[in-house]
Amino acid sequence: MTAMGQTQDQVFANEREYLTFRLDREEFGIDILKVQEIRGYEPPTRIANAPNFIKGVFNLRGTIVPIVDLRLKFDCPKSDYDSSTVVIVLNLSRRIVGIVVDSVSDVLTLPADNFKVAPDIDTIIDRDAVVGLGSLRDRMLILLDIEKLMAGQSMALASDATV
Amino acid sequence: MSDAQQHGGGAEGDFDLTQFYQIFFEEAAENLDLMEQMLLSLHLETADDEELNGIFRCAHSVKGGAATFGFTDVAGLTHQMESLLDRLRRHEIQPNLAMVDVLLQSADVSRSLLARHQAGGIGEPPSTEALVQRISELALGEGQSVAPIVAPSAAFESTVQPQLQPVAAEGERTLEIMVGPLKDMAHAEAIRELFRDIPGLGTIKALACDQADMRKFSVVSSTSTDELLDLFEFHVSRSQVAIQDVTKNLTVVQPALAVRADAVEAFRATQALPGTMAQDDPPPGTPLAPSPGFGFFDGAPGAPTNPSAYVPPAVEKVATQVKPVEKSNAPLAQVEAATIRVSISKVDQLINLVGELVITQAMLAQNSRALESGQFQKLMAGLADLDRNTRDLQESVMSIRMIPMSVVFSRFPRMLRDLAFKLGKKVDFVTMGESTELDKGLVEKITDPLTHLVRNSCDHGVEMPEERIRAGKPETGTITLSAAHQGGSIVIEVRDDGRGMSREKILKKARERGLDVSDQMPDAEVWQLIFAPGFSTAEVVTDVSGRGVGMDVVKRNITALNGTVEIDSAEGYGMRVSVRLPLTLAIMDGMSVGVGKEVYMLPLSSVIESFQVKADAINTVGHGAQLVKVRDEYMPVVELERVFQIPRTDRDRPSDIMVVIEAEGSRVALLVDDLLGQQQVVVKNLESNYRKIPNVSGATILGDGKVALILDTGALVRRSRH
């Protein structure tokens, strides 16, 4: 019974809409409901002694929001900031966070058939945060549980994590 | 019998009232507060119609609301208060201290009853019976001198009654009530419950009734017909109720004897005959013997009782006869509400939006500078207007969060009055600077510590009247509470002219508790000892204060608000506690400093001075700790560049500005590049979306929309100590 419940949950989860974005040559998908808005990159206020991928904090209409460069977090080869650099503002359960990505592709609904379980692989991404893979013709989407990824210890966003 | 309807408690009970509960609770609280204030300032001998009417209106509004929402216990109690106040405002009886006291207590009980309803009716409701009884005793006033009941209602009919009701509202009446036709008999049952729930309303008995959709009751009550109808209206409409007064023709009623017995019984209860009054009777020898119900006052020796307020019953009666006041003519001037209620989150949202507007405006102003001013004259003028308007707007919006200290101060007169009675002391309470404004968030947090300080002053500070006379001081002690702005902070002082603190006793107690003290300690340090946990110098532990929990909590709470506490005392002459607080937690006067390309904000209140230094003025000690000589003092230097690892592009231009800051009693000199300016900044929380950053207390948004971190001066000072 529990097994059935789980598969149903998964089907339900898989039918969600995803926002897809690119980091280097990889394509990622995150739950669209976690996305608050997408905006251009403005240099944030640097925070001393923070990890390099935390670019600092910026002013989102009066709210102080930290900004994480996922390209640095995932060791992408280049991370330039120009007028086309994009920030996805996430509204997570406990905080608002901005993430810097190379580009935002589109919003798509992934049919359940196209959902594949991710094999055990050695990756820099928190294994827990990878929900699965989405195959769309010749494209492969890495489906992320962005909430888990951002709450991870290595993200150093929460106060209990050590510096 | 449908449960749902019974629960709804009304013939038209389908309408959901719960959405209005919050408004009612707020209004009721406001009315009770207002009533308390008016009661406290009431001049007993010269009470005018306006004052009495005002108090009456408050009780009436609370009753009306409570009745509408079905809080019968509150409605019942306030109804009794209203009856007493009604007689007062019609000058049928004279106000006296006992009445004021009972009304104050009733207001308190109403508050707790309301609080219980607000919390969803959890817990035991406070009992109102004793109060209701006392109120009705007082309301009956002159009835005390009349010989015990033979004809209960007749005793009161002699007073002037301008109303059209057949019998005086105050007298017991026997009524026959027909209810119906009703679809649901539960409503008729609910009326019986009313009599059970509202103490003092009277007694009800079901009578035989031959119609199935009707109910017949026999009621013995002193409540007027109109008021009964009002109460019944919660359950059945007026047209469905017929009330017939059968007091005078008792023979008509079948169970006449039983009713008669009930009437006597009920009357005995409300009249509180001498036999049942034993516990409330004044002690023998008290000159006020003919006024039962004042007894509980006399227990407090030295209480500022006012003998002239106790008008002999005979005089009262004369007064009532010459002054018939028609109820309908009573001035019903509605006090216009000068305030509106808005949730604080809306205000905060407004503050945020205005902040955004200011930033946008600054951006526009900056971008327009490049334009040819001759060509865009109108645009420029418009931008200048926008600039002025946004600034005014920001100022006004910021001031919404500020509320006057009188909100806090106003709760103390009542508290001190009760406390002084309890302790048998005489205390005058003086307040100053009540209009001083403080952020709402701070006001809420400062109330408890201040309450504690004021109670302490009354309990430990001010001596008993005899002791004061022996010491050559006026019999009545004075407690002064004052508030004033001083620079960027507000200073609140609690001062008393009591016995002050004894240096020796504190030192002795400190030694007993194993604290490290010496006789040579300066006074200021000795006084600070009382903030140690578990420290109390009270010789007796009373239930007021002195259990040793308190001053340390006071200190901790105030420190948590970035405030400080200072004590000054002279034995035999009194003591003064000064609490210094920032004006608001949300807005701060800041000084922006530049290091490299970054901007940091310093709380202006902690900035002492700033000056330019030459590189050779900085000395090092041991392993690199730097000191700078400021006049005659060597001060540790904190290099912001190093603390915040600020990248530097122009290597050849070292920091050469020192900003001296003070926090937690010590000073350090911060080394920065530039002083950029002073401005009011809105303090933002970093932790809501990010985390605590070392040496940073918060963040703010600058005019250009960028975020600047606010330095935690306390942390920087602590850092320099290690």
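Which residue is the bridge partner of B:Ile657 in β19(B)? I looked this up at the outset and found B:Val672.

**Conventions.** I note that this is a predicted model, in which local features need pLDDT of at least 70 and side-chain atom pairs count only at pLDDT 80 or more, while totals for chains, interfaces and linings use all residues. Residues are numbered from 1 along each chain as its sequence is written, chains are lettered from A, and ligands are numbered from 1 in the order in which they are written.

**Chain B.** I recorded 23 helices and 22 strands in chain B; helices (H or I, at least four residues) and strands (E, at least two) are DSSP runs, numbered from the N terminus. I then followed strand β18 (residues 657–663) of chain B, which pairs with strand β14 (residues 607–612) of chain B in the antiparallel sense over five bridges. Two strands pair if DSSP finds at least two bridges between them. Within β18(B), B:Val660 is the bridge partner of B:Glu609. β18(B) also pairs with strand β19 (residues 666–672) of chain B, again antiparallel, over seven bridges.

I noted that chain B has 722 residues, of which 34% count as buried. A residue is buried if 20 or more other C-beta atoms lie within 10 Å of its own, exposed if 12 or fewer, and partly exposed in between, with C-beta atoms placed from the backbone.

**A sheet in chain A.** I traced an open sheet of six strands in the order β8-β1-β2-β11-β10-β9 (chain A), with mixed pairing. β8 (103–109) and β9 (115–116) of chain A stand at the edges with a single partner strand each, so one side of each has no neighbour in the sheet. Inside this order, β1 (residues 17–23) and β2 (residues 26–31) of chain A run antiparallel and are joined by six bridges. A:Arg22 stands opposite A:Glu27 in β2(A).

**A loop residue.** Is A:Ala50 buried or partly exposed? I found A:Ala50 in the loop between β3 (35–40) and β4 of chain A. A:Ala50 counts as partly exposed because it has 19 C-beta neighbours inside 10 Å. Its C-alpha atom is separated by 9.6 Å from that of A:Leu157, 107 residues apart along the chain.

**Where the chains touch.** I counted 20 residues from chain A and 23 residues from chain B in the contact; two residues are in contact if their C-beta atoms, placed from the backbone, lie within 7 Å. On the side of chain A that touches chain B, the elements giving two or more residues are β4 (54–60), β5 (63–69) and β7 (96–101) of chain A. The largest share, four residues, comes from β5(A).
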